[in-house]
Amino acid sequence: MPFLLHDDALDRTTDGKGFVTGLDWATLSRLDAGSWHSPAFRGEPLASLEAVRSFCETHDCALNVELKPTPGTEFETGRVAARTLLRDWRGRLPPLLSSFRTEALRGAREGAPTLPRALLIERLEPDCVDIALGLGCVAIVAYHGLITTRFEAWLRSERLALLTYTVNDDAEAERLLGIGVQGLITDRVDHFDPSR
């Protein structure tokens, strides 16, 4: 059962301990994944990919699924997540599958070659565009501090969309939108107007 968790270990964001590998959904679904945030979210379970998919379709949301596999499961994680989304997705826009891990993107390409993929980067490497193109990606999702007009022009010349993470500041959002960034990932979903 594909599910969402920020880390490959349970300790930081649930009341569980250790790595996720080897645990079944019956065990994982009983964990408290809300108390770490605040008492108001006590008892909130881990989200299944199915639950997130259903929410996004019901509320007409776009979905970017970051593939964050446990080490050693990169290809399989990408393949299973992509197949699951391809089989079940009924939203208006197809979900975007993104990852820092090239093996996860290779798995996603095998599992659902028609779903769009994006390479996540935290450093600007000279071969990042070649890697993204080689994986059949439609976009690069870059750390916001890397983005310049020159970088945006380079990606545009290669027909790659440019998205950025994690933008929580108004001035930085304006700078990036002015450069031509096509999507912002933020922790402040209550703050920024998605129609921009």
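Predicted model: local features only at pLDDT ≥ 70, side-chain atom pairs only at ≥ 80, totals over all residues.
1. On the H3 side (residues 74–88), the contact is made by Glu 74, Phe 75, Gly 78, Arg 79, Ala 82, Arg 83 and Leu 86. Facing them from H4 (residues 102–111) are Glu 103, Ala 104, Arg 106, Gly 107, Ala 108, Glu 110 and Gly 111. Sorted by class, this contact has six charged, five nonpolar and three polar residues.

2. Now for the geometry of that packing. Two packed helices are described by the angle between their axes and by the distance separating those axes. For H3 and H4 the angle is about 35° and the axes are 6 Å apart. The crossing of H3 and H4 is right-handed.

3. Helix H6 (residues 149–157) is worth a look next, with Phe 151, Glu 152 and Leu 155 buried. Viewed along the axis of H6, the buried residues fall within an arc of 100°, so they line one face of the helix. Exposed residues Thr 149, Arg 150, Arg 156 and Ser 157 sit on the face turned away from the buried side of H6.

4. What covers the buried residues of H6? The cover includes strands E5 (117–121), E6 (139–143) and E7 (161–165), along with helices H5 (128–134) and H7 (170–179). If you check the backbone just after H6, you will find Arg 159 with a positive phi of about 60°.

5. On to the rings: the structure holds four aromatic pairs. One of them joins Phe 100 and Tyr 165 edge-to-face, with 6.0 Å from centre to centre and 90° between the planes. Phe 100 lies in the loop between strand E4 (96–99) and H4, while Tyr 165 belongs to strand E7, so the pair ties together parts that are 65 residues apart in sequence. Phe 100, Tyr 165 and Tyr 143 form one aromatic cluster.

6. Is Tyr 165 buried or exposed? Its relative accessibility is 13%, and Tyr 165 counts as buried because the cut-off is under 20%. Phe 100, at 36% relative accessibility, counts as partly exposed.

7. Finally, a word on the start of the chain. Pro 2 lies in the segment before strand E1 (3–4) and is partly exposed, with a relative accessible area of 22%. Leaving aside neighbours within four places in sequence, Pro 2 is in contact with Ser 48, Leu 49, Val 80 and Thr 84.

Terms used: Residues numbered from 1 in each chain as written. Heavy atoms only, no water. Buried < 20%, exposed > 50% of the residue type's maximum accessible area, 1.4 Å probe, protein only. Helix = DSSP H or I, 4+ residues; strand = E, 2+ residues; numbered from the N terminus. Arc of directions from axis to C-beta. Contact = heavy atoms within 4.5 Å. Axes fitted to C-alpha atoms, helices over the stretch in contact; angles between N-to-C directions. Left-handed = near helix turned anticlockwise from the far one by under 90°. Nonpolar A, V, L, I, M, F, W, Y, C, P; charged D, E, K, R; others polar. Phe/Tyr/Trp six-rings, centres within 6.5 Å; stacked < 30°, edge-to-face > 60°.
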